[in-house]
Amino acid sequence: MNQSPTDCTVQLCTLSTGQSIPLTHRDGSFLLICLDGELCVTLNERTLMLPSCCLLICPPNSLLQMKCNSQCTFIHVSATPAYLSKRYNYWKQILPMMMSLKDKNLVMLTETEAARYERMYACIAECKANEPHTTWTQEALDASIYTLLCSLFAKINEVCGQEEQETDKRYPYRGEEYFARFMKLLSQHYKQERRVEFYASELCVTPKYLSFVIKEVSGKTPSKWIDEAIMQEIHYQLKSSTISIKEIAYRLNFTNASFFGKFVKKFTGMSPGKYRAAKCG
């Protein structure tokens with residue numbers, strides 16, 4: 001199946017010392033394997049150092065900025081929920097697994113593991129170079145990407161401390177299923193809907209029941225998930241765009257700029273204008 005670059009991207013990149021990549025907003029999952037050199041990464045306002053033989057795991061909706069401390073080579077893999085959902089049990093397994101990482105975003109790899117991922121990338125690159133491009137060469141490319149992603153997800157699953165059979169565990173009252181459906185709805189509607197009542201209605205349960213289930217499964221309430229999603233979007237818009245604060249408030253369905261300002265101040269301690277100046281200064 002053909003995919004556009006925005007669906008799934010696997011690339012080998014080299015950065016020179018001092019070279020940087022500006023802030024990006026990753027709607028899907030993003031994985032980076034540092035093969036040599038050193039990268040300084042800002043992930044959701046946390047600064048992380050990536051040495052060689054290191055895996056960086058970025059959950060969906062992460063804000064990412066990179067700078068090379070010493071010439072480095074890395075493989076980066078990004079995939080949208082739509083792409084992953086067609087090939088894996090994304091909403092019920094991969095997304096909860098990624099979200100459960102919390103601050104465990106860096107994973108040291110053995111030289112053997114890093115070399116294995118490099119060979120997998122070489123296979124993908126070879127498949128891309130195959131001509132003529134036919135249904136069979138595309139199938140080979142898809143299979144190579146699938147192999148790499150499965151290997152990376154297996155590593156992430158290991159980091160999460162989950163045995164393979166735990167991905168099929170069931171929380172009380174079908175909680176895991178509700179969490180998967182809630183996260184899917186959130187990814188689709190967080191820019192317009194911040195009310196727990198909306199998500200509960202879509203799932204045909206009461207807000208109280210949804211809050212209990214989501215907290216039971218993820219350790220966070222639905223309100224917390226919603227606030228984190230919208231604040232990441234606000235941070236991105238304020239830092240990386242020149243859109244007016246009034247326009248940002250309108251796009252994110254706030255009733256007015258004043259309410260938007262109170263929302264931002266609640267989480268940052270600053271007005272949107274001051275927050276933008278502090279982040280861009």
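**Entry 1: two helices**

I started with a crossing: helices H5 and H8 cross in a right-handed way. For the term, I note that a crossing is right-handed if the near helix is turned clockwise from the far one by less than a right angle, and left-handed if anticlockwise. My helices (H or I, at least four residues) and strands (E, at least two) are DSSP runs, numbered from the N terminus.

Before going on, I jotted down that this is a predicted model, where local features need pLDDT of at least 70, side-chain atom pairs count only at pLDDT 80 or more, and totals for chains, interfaces and linings use all residues. Residues are numbered from 1 along each chain as its sequence is written, and side-chain values use heavy atoms, with hydrogens and water left out.

Back to the pair: H5 covers residues 175-189 and H8 covers residues 222-240, and they pack at about 30 degrees with axes 11 Å apart. That makes H5 roughly parallel to H8. Angles under 35 degrees count as roughly parallel, over 145 as roughly antiparallel, 65 to 115 as roughly perpendicular and the rest as oblique. The axes are lines fitted to C-alpha atoms, for helices over the stretch in contact, and angles run from 0 to 180 degrees between N-to-C directions.

Which residues of H5 and H8 meet? On the H5 side I found Phe179, Phe182, Met183 and Leu186, and on the H8 side Pro222, Trp225, Ile226 and Ala229. Contact here means heavy atoms within 4.5 Å. I sorted the contact of H5 with H8 by class and got eight nonpolar, no polar and no charged residues. Ala, Val, Leu, Ile, Met, Phe, Trp, Tyr, Cys and Pro count as nonpolar, Asp, Glu, Lys and Arg as charged, and the others, Gly among them, as polar.

**Entry 2: strand E5**

Next I looked up E5, residues 54-58. Five of its five residues are buried, so E5 is largely enclosed by the rest of the structure. Buried means under 20% relative accessible area, exposed over 50%, partly exposed in between (1.4 Å probe, protein chains only). I checked both faces of E5, and both are covered: Cys54, Leu56 and Cys58 sit on one side, Leu55 and Ile57 on the other.

What does E5 pair with? Five bridges join E5 to E3 (residues 29-43), antiparallel, and three join E5 to E7 (residues 106-108), also antiparallel. Two strands pair if DSSP finds at least two bridges between them. Toward E7, Leu55 stands opposite Val107.

**Entry 3: strand E3**

The hairpin of E3 and E4 has two residues between the strands, and in it Asn44 takes a positive phi near 50 degrees.

**Entry 4: two cysteines with positive phi**

Most residues other than glycine have a negative phi. I still found Cys53 with phi near 60 degrees, in the loop between E4 and E5. Cys204 likewise has a positive phi, about 60 degrees, and lies in the loop between H6 (196-202) and H7 (207-218).

Buried or exposed: which is Cys53, and which is Cys204? Cys53 is buried at a relative accessible area of 15%, whereas Cys204 counts as exposed at 71%.
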